[in-house]
Structures are given as C-alpha cells and as structure tokens.
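Reader: Hi, I'm new to reading protein models. Could you walk me through this one?

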Amino acid sequence: MKQTGNILSGPVESRDFPDWFREEQRDAWKQFESLPAPRRKDQLWRFSSVDLLDLKPFKFGGALSDKDRDAILEQSRGLDEVAARLIFAGDQLIQRDVISEQLKKRGVIFQPLERAMVEHADLFRKHFMSQPAVLGSAKFAALHKALVSSGTFLYVPRGLEIDLPIEIFHWLHGENTSVFPHLLLVTDELAKVTVIESFKSLDENATGFACGVNDLIAGPGAKITYVCAQTWGKNVRALQMNTTTVDHDASALSLNLHLGGRYSRFESLSRLIGEGGRSDLLAVSVADGEQEFDARTLQDHVSPHTASDLLYKNALDDRARSTFGGLIRVEPHAHFTDAYQKVRNLLLSDDSEANSMPGLEILADNVRCTHGATSGQIDADELFYLRTRGIPIPVAQRLIVTGFLNEVIQRLDQPAIAAHLHGLIEQKFGKG
C-alpha cells in the first residue's frame with residue numbers, strides 16, 4: 001500500500017512488510033519522536049542552517065502520471081554500459097533492468113528491499129542499518145527507518161567480480177514531496193563491485209525533502225567502489241547518511257558529487273574493523289546562489305594496520321556556504337594506522353563562506369595521521385595566464401575550477417564514470 005499524507009503522520013501500518021520489520025519501524029518512529037531536533041549550537045550541527053529542516057510541509061509522493069513516468073525514464077541514463085539498473089520515483093520502483101542470468105546463477109542478488117527482507121531475511125537483518133548514526137542525524141536516521149518503503153539490496157558472493165557498474169536512480173516528483181532512498185550493499189570475501197547512485201528532481205524548482213541511508217559492507221578482501229551523483233532540484237532539503245564497514249584486507253572507495261539542493265547534509269562513517277583494510281573518502285561540491293553543503297565524517301580505525309584517506313574539495317560562488325566537520329579516530333590497540341584528511345575550499349566570490357573543522361583522536365601508538373583544511377581564491381597568476389591567451393574571464397575561471405576539482409575525480413580511475421561526473425559539473429556551470 002502506498003503511503004499518503006504528511007510524513008509526520010508516521011508509518012503506514014498496512015504495508016505488506018514482515019511483522020518483524022513493521023515492529024522495527026514502529027520502534028524507529030518512537031525514537032524519532034523522542035529525539036530532539038538539531039540545534040545550531042550543537043557541536044555536530046555547528047554552522048548548519050537547521051531552520052531549513054522544518055518537516056511540516058513535506059508529504060509522501062502522490063501518483064505518478066504517465067507523462068512524468070516517461071520523462072523520468074528518458075532522463076535515467078547516466079552510463080552507456082551497466083550490469084543492471086533500478087529506477088525509483090519516490091518510493092515506487094518504475095523500471096528494473098535485471099542482472100544477467102549468468103550472474104544470478106553465480107549467486108548475485110539484486111532486488112528491491114521489500115523483497116530482500118522476505119527472501120533473504122537473515123542477511124538483511126544482520127546488516128540493515130546495523131551501525132548507529134553517531135554524526136548528528138540520529139533523529140533523521142530513525143525517521144528514515146520508520147518510513148523507508150523501498151530501495152536496493154545488492155549481494156555479491158564470494159570471489160565474484162562484476163565488471164560493469166550497477167546504476168540506481170532516485171527521483172523526486174511533485175511539490176513538497178519526500179523520498180527515503182536506501183542502498184544495502186553486501187560483498188562477500190574477495191568480491192568486487194561498482195555502484196553509482198543518482199539523486200534527481202523531475203522539477204528543478206519544486207520544494208522537496210530527501211532522507212537517505214547507505215549500508216556498505218566490504219567483506220574480507222572485497223573491493224567496493226561507490227559513487228553518489230547528487231543533482232537534486234534547487235529547493236530540496238536533503239540528508240544522506242552513509243556507513244561503510246571494511247573487513248580485513250578489503251577496500252572501499254566512495255566518491256560523492258554534490259551539485260543540487262538548497263541544503264544538503266552528508267554524513268559518512270567509515271569503520272575499519274579488520275587488519276589491512278582501506279577506506280578512501282572522496283567528495284566534490286559545487287555550490288552557488290544560497291546553496292549550503294554540510295559534510296560530517298568519521299574515519300574510525302578499529303583494527304591495527306589499517307589506512308584511510310579523505311579528500312574533499314568545494315568550489316563556492318555567490319553566497320554559497322560549506323561546512324566540514326571530520327574526525328580521524330584511532331581506537332586503542334589500532335596500532336600502525338595510516339590516516340589522512342584534507343579539505344580544500346575554492347572561494348569564487350567575496351560572499352561565499354567555508355567552515356572546516358578537521359580533528360584527530362588517537363588512542364594507540366605507532367600511527368601516522370595528518371589532517372588539514374585550506375580556503376583560498378582563484379590564483380591571480382593562473383587567471384592572468386589564461387587571459388593572455390584570449391580566453392574570456394568566465395571561461396578561464398571555469399577551467400581553473402574544473403582543474404581544481406579534477407584531482408578528486410581522477411582518483412576514481414574509472415573513465416566512463418569520471419566522464420559522466422564531469423558532464424554533470426559542466427551542466428551545473430551552464431546553469432550559472
């Protein structure tokens with residue numbers, strides 16, 4: 001049964017979910033109601049425009065017209081070659097390009113959440129939102145759990161490498177509508193997979209609310225590459241909570257591209273629970289007008305001989321604002337940790353603002369940890385060099401910004417996805 005009405009009315013009891021999951025949703029709703037709303041003076045919400053997170057206007061998405069459905073399907077093509085694709089409009093799965101029979105026979109599971117919680121209940125219950133939201137958005141994580149009604153479940157079995165990326169689209173449609181996207185990705189030992197999720201609005205000007213969660217689990221020796229391409233409409237309020245768990249000798253690389261939304265908060269918790277694990281956390285944000293991007297991260301080194309590397313870059317124009325609050329935490333006995341954290345902000349106007357709060361908490365010996373944040377304007381010599389070659393100032397500025405951001409995207413080492421992300425950035429510049 002499709003949800004209707006205001007999201008503050010709570011979960012729909014008659015949805016066709018297992019009893020245990022409906023009970024978990026009821027408990028999550030009680031938790032949401034009991035937790036206080038964030039305040040700007042809270043350390044984990046410092047500098048954030050929390051007044052933009054008033055949920056009273058937002059409702060569940062209504063029926064999807066044939067015209068809107070056709071428009072969404074037409075625009076839901078990011079990559080030419082993919083292993084599989086899911087397209088969601090609100091909480092409705094509107095198209096599924098299934099994985100090959102060969103991958104199915106080898107044990108790959110790629111299906112909507114509501115099927116996975118029935119057909120693979122043990123695996124689902126073990127990993128679905130198993131890590132607490134510790135970076136400030138516990139209230140919104142509870143809201144997500146209470147109201148999520150669809151999403152993606154992907155399981156890659158031991159030793160299997162999926163060569164082509166898997167593509168997922170989430171769309172907002174309608175005025176003051178909401179969406180609760182979810183990805184649960186579990187890789188078994190020595191498995192390998194790349195997933196790209198796109199978050200889009202059918203109407204660029206419509207107000208909306210998005211509250212998403214990702215659970216990424218990299219088993220022993222596995223390799224996960226996750227890419228988020230966020231291009232919500234300019235009046236969307238969005239929160240995205242990501243938890244990555246990396247077992248021994250595994251690696252997880254996430255790259256988050258943030259271009260859309262009025263206010264977008266991204267929380268990333270990366271837990272390195274096995275020796276030899278590695279986590280790379282990459283992000284690119286391009287903001288203009290009065291956009292605000294708010295990133296909070298935790299690189300949590302639980303086991304010894306683990307590595308993490310965070311590189312976030314923001315380009316801010318007009319009155320745009322960015323906030324970064326990140327912590328590298330080395331737990332007791334997590335010796336020989338190797339961890340880095342670097343945030344760079346490029347301010348393209350005198351009115352733009354960047355707030356960066358990197359931090360370290362080291363509770364073990366024999367570690368190498370560095371962190372830093374810088375903010376600056378376009379280099380005058382670089383701009384002069386391009387102008388002397390007849391390049392107009394706006395074009396020269398765009399070239400410099402693109403070069404500044406490219407360092408992050410190159411780390412992906414996947415040309416097709418990198419070209420797609422560059423295209424999205426160019427579209428963003430074209431709207432300015």
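Author: Let's start with a definition. A disulfide is a pair of cysteine sulfur atoms within 2.5 Å. This is a predicted model.

Reader: OK, how many disulfides does that rule give?

Author: The count is zero disulfides.

Reader: What about C211, where is the nearest cysteine sulfur?

Author: The nearest one belongs to C228, and it is 14 Å away. C211 is in no disulfide. For C228, the closest cysteine sulfur is in C211, and 14 Å is too far for a bond, because a disulfide needs the sulfur atoms within 2.5 Å.

Reader: Is C211 buried or exposed? And C228, buried or exposed?

Author: C211 is buried, at 0% relative accessibility. C228 is buried too, with a relative accessible area of 2%.

Reader: New topic, rings. How many aromatic pairs are there?

Author: The count is 12 aromatic pairs. One of them is F17 with F21. Their centres are 5.4 Å apart, with 85 degrees between the planes. That makes the pair edge-to-face, because planes over 60 degrees apart count that way.

Reader: Are those two buried or exposed?

Author: F17 is buried, with a relative accessible area of 9%. F21 counts as buried at 1%.

Reader: What is the geometry of the F199 and W232 pair?

Author: The ring centres of F199 and W232 are 5.7 Å apart, and the planes are at 50 degrees, so the pair is tilted.

Reader: Where do F199 and W232 lie?

Author: F199 is in strand β9, residues 192-201. W232 is in the loop between β11 (223-231) and β12 (235-246). The two parts are 33 residues apart in sequence, so the pair ties them together. Both F199 and W232 are buried.

Reader: Which residues form an aromatic cluster?

Author: F17, W20, F21, F124 and F128 form one.

Reader: Which charged residues lie over ring faces?

Author: K139 lies over the face of F32, 4.1 Å from the ring centre. R265 lies over the face of W45, at 3.6 Å from the ring centre.

Reader: Now the inside. Which residues touch the most other members of the largest nonpolar core?

Author: F124, F140, L143 and F209 do, in a core of 40 residues. Several elements each supply at least two residues, including α1 (19-34), α4 (113-119), β5 (152-156) and β10 (207-218). Helix α6 gives the most, with six residues.

Reader: What does L143 touch?

Author: Leaving out residues up to four places away in sequence, L143 touches W29, F32, L55, F180 and F209.

Reader: Which residues are in the other core?

Author: That core lies apart and has 35 residues, among them F88, I99, L172 and V195.

Reader: Last stop, S308. Where is S308?

Author: S308 is in strand β17, residues 307-316. At 1% relative accessibility, S308 counts as buried, because buried means under 20%.

Reader: What does S308 touch?

Author: S308 touches L272, S279, Q299, H301, D338, A339 and Y340, not counting residues up to four places away in sequence. The side chains of S308 and H301 are also joined by a polar contact of 2.8 Å.

Reader: How far apart are S308 and P165?

Author: In sequence, S308 and P165 are 143 residues apart. In space, the distance is 23 Å, C-alpha to C-alpha.

Definitions and conventions:
Residues are numbered from 1 along each chain as its sequence is written. This is a predicted model: local features need pLDDT of at least 70, side-chain atom pairs count only at pLDDT 80 or more; totals for chains, interfaces and linings use all residues. Side-chain values use heavy atoms; hydrogens and water are left out. Rings of Phe, Tyr and Trp (its six-membered ring) pair if their centres lie within 6.5 Å; planes under 30 degrees apart count as stacked, over 60 as edge-to-face and the rest as tilted. Buried means under 20% relative accessible area, exposed over 50%, partly exposed in between (1.4 Å probe, protein chains only). Helices (H or I, at least four residues) and strands (E, at least two) are DSSP runs, numbered from the N terminus. A charge sits over a ring if NZ of Lys or CZ of Arg is within 6 Å of the ring centre and within 35 degrees of the ring normal. A nonpolar core is a set of buried Ala, Val, Leu, Ile, Met, Phe, Trp, Tyr and Cys residues joined through side-chain atoms within 4.5 Å. Contact means heavy atoms within 4.5 Å. A polar contact is a pair of N or O atoms within 3.5 Å; within protein, one must be able to donate a hydrogen and the other to accept it, and residues adjacent in sequence count only if both atoms are side-chain atoms.
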